[in-house]
Amino acid sequence: MPLTPERLQDAYRQMLIIRKFEETIRSLYQQGKIRGSFHPCVGQEATAVGGCWALRKDDYLTCTYRGHGQAIAKGLNLQAAMAEMLGKETGCSKGKGGSMHFTDPSVGLLGANAIVAGGVPHAAGAALASQLQKKDNVAIAYFGEGAVNQGVFLESLNLAVIWKLPLILVCENNLYSEMSPSHETTSVVETYKRAAGFGFEAMQVDGNDIEAVYNAVEQAAARARAGGGPTYIEAMTYRLWGHMMGDPEIYRTKEEVAKAKENEPIVRCGKRLIELGCTDADLSRLDGEAEAIIAAALQFAESSSAPQPADAFTDVFI
Amino acid sequence: MSNITYAQALNEALREEMKVDSRVFLMGEDIGHHGGIFRVTKDLIDEFGADRVRDTPISESSFVGVGIGAAMVGLRPVVELLFMDFALVAADQIVNQAAKLRYMSGGTVSIPMVVRAQQGGGRGNGAQHSQSFETWLAQIPGLIIVAPSTPADAKGLLKSSIRAGNPVIFIEHKLLYNIKGDVPEGDYSIPIGKAEIKRDGRDITIVSYSRTLLFALEAAKTLAQKGIEAEVIDLRTIEPLDMNTILESVKGTGRLLVVHEAHSNCGLGAEIIARVYEQAPDTLIMPPRRLGAKHVPIPVAESLEDAVLPQPADIVNAVEAMF
Ligand SMILES: Cc1ncc(C[n+]2csc(CCOP(=O)(O)OP(=O)(O)O)c2C)c(N)n1
Ligand SMILES: [Mg+2]
C-alpha cells in the first residue's frame, strides 16, 4: 500500500503522537514520576513510522531502549505504553518491564531490548519461523549504529544471509553511541557497507524523510515475502535530545543541534504535506488530534493503580 | 582524611595507580572525555591521554579479551563494564579465558587484569540493568571478587586489585557512587580477602557487603532501640571469603543472618551458612537465616522492585524472628 497523501497525513499525526509522548515523559521524569532510564527518540520519528507503517500487523518487530516510537508505530496501545512508563498495573508489561522493554506480541512487537544488539537475533529467529512455516510475514529489527560492533550482531548478519531470512534490518544511524561520535568507534562508519560485505541487499536512506524510509522498507518487505532474503537499510537521522535524561551533551555543539532541527522529520513532513495541498489549518488540526490522544493516555495512566507487591511474583513461567 | 564520594574515591585510586605504574591503563565505553556514565574516570584522560584512557566500541567480549591479551604480556588493564549485566556479553572471556589461563598453562602466564562494573537495583532500571552477579562469578575458580561498601574501602581495595596480579572482578553499586565517606590521605590499601566489623554487637552477627551493608547498619540502629545489639560484618571481598572473621563473631553472638542483594537462591548466604555449620557446628544457638532478592527478574515499578529486593525493614524483621 503506497503512502498516499491521505495516509501521509495520518503518518504525520502518528509522528506527532510519538513526539508528544516523549515530551510528556520528559516532563513526568522532571516531576520525579518516572523511575529508571528514559532514552528519547525525538528526531527519529520518521524511521519509526516510515518503517513500521510499511509493514503488516502480523509482521514482527524488535527494537531497542530507544524504541518507543517504533513500538507505538507498530500499534502498541498508547495508554498501556504511558501506564508502563508510570509503573502502573495497566502498563503493557504490568509495570515489570518499564521504558526499555515495551512488548506486545498482538501487534507483532516481540520486545524492545536494553542490551545493545540483543534483539537483532530475535528478529532473525522470528523470520526463520516464518520461513519454516511457509508464511509470508517478515521481521524487522531496529538498532542504533553502535550495535554494529557487537559480536551477536555480526553473527546474525551472517546467519540471515546464508539462511536467506525474510528479515529487514534498520540501522538508525544518529551519529552517536551514547556520548561517543560513532566515527571514532566504528571501522566502516557507513554501516550498510558492512552489511553489503556480508551479502545483504544494503542501502543508505535519508532517515528524516518518511517517504524514503517507507519506500525502502516496503520494497524490502516485498522482496523478503517473495523469498528474496534479507535487506539492510541504514537510515541516517539525528537524536535531537540527549542519549538519556541528564546527558550533559558535552560531545556536540548547540549549533550542530540547531542545524539538525532544520532537517527534523516532522517539520519536513509538514512541508511536504503543504506541497501536496494541505493547509496550515490542516496541520494544526492534526496536531490538536495528537495532543488529545496523548492527554487521554496520560489521564488513563495517572488514574491507574500501581501493581500490588504480590504481582512481582507472577509471570516468571507460563 | 578527606570526605569524598565513592565515585571520587575510585577515581583517586585509578589516578594514583596510573601515576606510579605506567603499565596501568583503562578501557571502557565513554570513559574518556565523558569521564564515564557514573563519572568514575572523570578527567583522567586529561592527565594520562587517550592511549591510557581508552574509549571502546560497544564490544564487551572483544575489549575484555583484549585486556586479557595485554595483561598476559605485562600490562595492567582496568576494564570497565558499564553495567554488570553486560558481563554476560563478555562471559566467555571472563569465565573460559581470564579465570583459567593461568591454571591451564601450569602457572606460566598470569592475567593481572581488573574488570570493574557497577551492579544492583533500586533505581527502576529494569531486569537487564539491575542484576547482581557476584554469586555465580564466585562459583568460578580463578576469579577474585571484591565488593566494597564505603569510599575508603573502594579506594583501598581498587588499589589492591590493580596490584593483585590476578584477574579481579571489582563490583561497584550504582546507588553507592554518591555516598560520601572519610578517605585517608595518601597511599594506602585495603587487603583483599579481609572482612571488617563495621559495628560491634553481642546478640547477632549480620554479614553483608556492598549496598545492603548500609541497610544492615541502618537496621542495626533500629534493632538497638529494641534492645538487640547486632554485630555487622562487611565482607568487602567475596572470593576468597574471610571465614575467620565470621566464625569469630558467630562464636560470640550465636546467631547469624546473611544479607545480599543478589538472588537468594543458591547464593552466598547459603554458602556462608554451610561453611559455618561445617567449620563450627556448635556455635549457632538459633537456625541461621539469609536474605537476598526473591527469585524473579528485577521489575521496574517501585512497588514491585521493593518487594523483590531486600529492604532495611526486612532485615529488622528477619532478626526479630530469631529472638
Ligand atoms: C551490551 C551493551 N553494552 C552497553 C550498553 C550501554 N549502552 C546503552 S545505549 C548505548 C549506545 C548505543 O548506541 P547506538 O547503538 O548508536 O544507539 P542509540 O542509542 O544512538 O540509539 C550503550 C553503549 C548496553 N545497553 N548494552
Ligand atoms: Mg546511535
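This is a predicted model: local features need pLDDT of at least 70, side-chain atom pairs count only at pLDDT 80 or more; totals for chains, interfaces and linings use all residues.
1. Asn174(A) and Tyr176(A) are both buried.

2. **Strand β4 of chain A.** Strand β4(A) covers residues 167-173. Seven of its seven residues are buried, so the strand is largely enclosed by the rest of the structure. Leu167(A), Leu169(A), Cys171(A) and Asn173(A) point one way. Ile168(A), Val170(A) and Glu172(A) point the other way, and these too are buried.

3. **The partner of β4(A).** Strand β3 of chain A, residues 139-144, runs parallel to β4(A). Six bridges join the two strands. One pairing to check: Gly144(A) has Glu172(A) as its bridge partner in β4(A).

4. **Helix α2 of chain A.** Helix α2(A), residues 45-53, is mostly covered, with nine of its nine residues buried. The buried set includes two residues that can be picked out quickly in a viewer, Glu45(A) and Trp53(A). Also among them are Gly50(A), Gly51(A) and Cys52(A).

5. **Glu264 of chain A.** Glu264(A) sits in the loop between α9 (254-262) and α10 (265-275) of chain A. Is Glu264(A) buried or exposed? Its relative accessible area is 10%, so Glu264(A) is buried. Beyond its neighbours within four places in sequence, Glu264(A) is in contact with Arg19(A), Asn208(A) and Leu240(A).

6. **Helix α4 of chain B.** Turning to chain B, helix α4(B) spans residues 91-98, and its buried residues are Gln93(B), Ile94(B) and Ala98(B). Seen down the helix axis, these buried residues fall within an arc of 100°, so they line one face of α4(B). Their cover includes α3 (60-72), α5 (101-104), α6 (134-138) and β7 (168-173) of chain B.

7. **Pro141 of chain B.** Pro141(B) lies in the loop between α6 and β6 (144-146) of chain B. With a relative accessible area of 68%, Pro141(B) is exposed. Ala99(B) is 42 residues away from Pro141(B) in sequence, but the C-alpha to C-alpha distance is 6.7 Å.

8. **A five-stranded sheet in chain B.** The strand order of this open sheet is β9-β11-β10-β13-β14 (chain B), and the pairing is mixed. Its edge strands are β9 (196-199) and β14 (289-293) of chain B, each pairing on one side only. On average, neighbouring strands are turned by 25° against each other, direction ignored.

9. **Inside that sheet.** Strands β10 (residues 204-208) and β13 (residues 256-263) of chain B pair in the parallel sense, over three bridges. Thr205(B) has Leu256(B) as its bridge partner in β13(B). Helix α10 of chain B, residues 268-279, lies across β10, β13 and β14 of chain B. The helix runs at about 150° to β13(B).

10. **Strands β1 and β8 of chain B.** Which way do β1 (residues 2-5) and β8 of chain B run, parallel or antiparallel? They run antiparallel and are joined by four bridges. Thr5(B) stands opposite Lys180(B) in β8(B).

11. **Val316 of chain B.** Val316(B) belongs to helix α12 (residues 312-320) of chain B. Why does Val316(B) count as buried? Its relative accessibility is 8%, and the cut-off for buried is under 20%. Not counting residues up to four places away in sequence, Val316(B) touches Ala219(B), Thr222(B), Leu223(B) and Lys226(B). Of these contacts, Thr222(B) is 94 residues from Val316(B) in sequence and 7.3 Å away in space, C-alpha to C-alpha.

Note on methods
Residues are numbered from 1 along each chain as its sequence is written. Chains are lettered from A and ligands numbered from 1 in the order in which they are written. Side-chain values use heavy atoms; hydrogens and water are left out. Buried means under 20% relative accessible area, exposed over 50%, partly exposed in between (1.4 Å probe, protein chains only). The arc is that of the directions from the helix axis to the C-beta atoms. Contact means heavy atoms within 4.5 Å. Two strands pair if DSSP finds at least two bridges between them. Axes are lines fitted to C-alpha atoms, for helices over the stretch in contact, and angles run from 0 to 180 degrees between N-to-C directions.
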